[in-house]
Amino acid sequence: MRAVRIPLLAVDGGGTKCLAVLLDESRRELGSGRAGSCNYQGIGVEAASRELAAAIHQALSQVQAAEADSPTVWEVECAVMGIAGLDTEYDRQVITGIVREVLANLSIRVRHLFVENDGFAALLGATSGKPGVLVIAGTGSIAYGVNEAQESARAGGWGHRVGDEGSGYWIGKQAITAVLKAADGRGEQTLLTDMLLPHVGLRQVDELFNWTYGPHYSIEKVGELSPLVSQAADSGDEVAAAILQRAAEELYLAARAVIEQLGMRDKSFQMILQGGVLQNDERVRNSVMEQVSRYAPGVVYEGAQNDPIYGVIAKGWAYLDRRS
């Protein structure tokens, strides 16, 4: 039996794709693999395991192709994985179990294993490991931060049923509520009625109720309503503008909670705003920036410097460097 030693295995396992990278002592890429989502909350444990295994196996195959003999055992010094869906201690147990089973099935022995939320990986990639706060508002929302001591904190990200405030889904859901309230006299009339109904293929407001509780409703479709709210607000619709202002306030509260947890209010740190809502809606983005700047004057707004996988890799090398 022949073993091959690999210093670092890095995995960015997001809700859309899973990317695995193997690196040698010179920090050169030995192999990489890509697969689909490995968020067990969205696709289940079995499917998440399959996608994670597929990405790692593809990376290993590229190393095998360069070897004269096919190895039967892989010895990895450090493996760092940022996996979507790791929100609670229960999630940690489930995901760690998935990871360990996948590694065992691929004959990978890992000496030091780190499993983190994929938001942490995105943060490290965005800031290149420096102190910073990352706020993401796409279909969902979350805030993540790391300080000078490499302590991390998060706020939000509790999913569409009980959280994700300020996200595209949340904004779309508020738009549906506003249309229904306008229809029965509990709310102000809004341009959203004439914009939202044809977008989802409906003619009357009462059909919106059936659509919302019917089989065509989905998180993604509701999230797609967010740009309509932006368009209505740009046209002077006060209801839409109020929805976007509340979204900005919710995202600010998430950022503030992280800054407070990490003791960064009086420090200088980077802040990165990502996701479709923050990147495409200037009204929301500017409001978040203004509120955070008033609370923490040392904030500096930056664009993301690297993809999340580079943050995972940076964490792995930082650990290995400390041990050398």
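The following dialogue discusses how to read several features of one predicted model.

Colleague: Which conventions apply to this model?

Modeller: The model is predicted, so local features need pLDDT of at least 70 and side-chain atom pairs count only at pLDDT 80 or more, while totals for chains, interfaces and linings use all residues. Residues are numbered from 1 along each chain as its sequence is written, and side-chain values use heavy atoms, with hydrogens and water left out.

Colleague: How many helices and strands are there in the chain?

Modeller: The chain has 13 helices and 10 strands. Helices (H or I, at least four residues) and strands (E, at least two) are DSSP runs, numbered from the N terminus. Along its principal axes, the C-alpha trace spans about 75 × 50 × 30 Å. Of the 324 residues, 50% are buried; buried means under 20% relative accessible area, exposed over 50%, and partly exposed in between (1.4 Å probe, protein chains only). Among contacts with a separation of 6 or more, 69% join residues 24 or more positions apart, where contact means heavy atoms within 4.5 Å.

Colleague: How is a pair of aromatic rings described?

Modeller: A pair of aromatic rings is described by the distance of the centres and the angle of the planes. Rings of Phe, Tyr and Trp (its six-membered ring) pair if their centres lie within 6.5 Å; planes under 30 degrees apart count as stacked, over 60 as edge-to-face and the rest as tilted. A search of the whole structure finds 3 aromatic pairs. One of them, Phe209 with Tyr213, is tilted, at 5.2 Å centre to centre and 50° between the planes. Phe209 is partly exposed at 47% relative accessibility, and Tyr213 is exposed at 67%. Tyr252 and Tyr295 form an edge-to-face pair, with 6.4 Å centre to centre and 80° between the planes.

Colleague: Why does the pair of Tyr252 and Tyr295 tie together parts that are apart in sequence?

Modeller: Tyr252 lies in helix 10 (residues 238-261) and Tyr295 in helix 12 (residues 282-295), so the pair links parts that are 43 residues apart in sequence. Both tyrosines, Tyr252 and Tyr295, are buried.

Colleague: Which charged ends sit over rings?

Modeller: A charge sits over a ring if NZ of Lys or CZ of Arg is within 6 Å of the ring centre and within 35 degrees of the ring normal. The charged end of Arg154 sits over the ring of Trp158, 4.4 Å from its centre. Likewise, the charged end of Lys315 sits over the ring of Phe114, 5.5 Å from its centre.

Colleague: How are two packed helices described?

Modeller: Two packed helices are described by the angle between their axes and the distance between the axes. Axes are lines fitted to C-alpha atoms, for helices over the stretch in contact, and angles run from 0 to 180 degrees between N-to-C directions. Helix 5 (residues 168-184) and helix 6 (residues 192-199) pack at about 115°, with their axes 10 Å apart. From helix 5, Ala175, Ile176, Ala178 and Val179 make the contact, and from helix 6, Leu192, Thr193 and Leu196.

Colleague: Which residues of helix 9 are buried, and what covers them?

Modeller: In helix 9 (residues 226-234), the buried residues are Ser226, Leu228, Val229, Ser230, Ala232 and Ala233. Their cover includes helix 5, helix 6, helix 8 (219-223), helix 10, helix 11 (276-280) and helix 12.

Colleague: Where is Phe269 placed, and which residues does Phe269 touch?

Modeller: Phe269 is in strand 9 (residues 269-274) and is buried, at 3% relative accessibility. Not counting residues up to four places away in sequence, Phe269 touches Pro131, Gly132, Val133, Ile259, Met264, Ala296, Gly298, Val299 and Val300.

Colleague: Is Glu116 buried or exposed?

Modeller: Glu116 is buried, at 18% relative accessibility, and lies in strand 5 (residues 108-117). Leaving aside neighbours within four places in sequence, its contacts are Met81, Gly82, Ile83, Leu86, Arg92 and Lys315.
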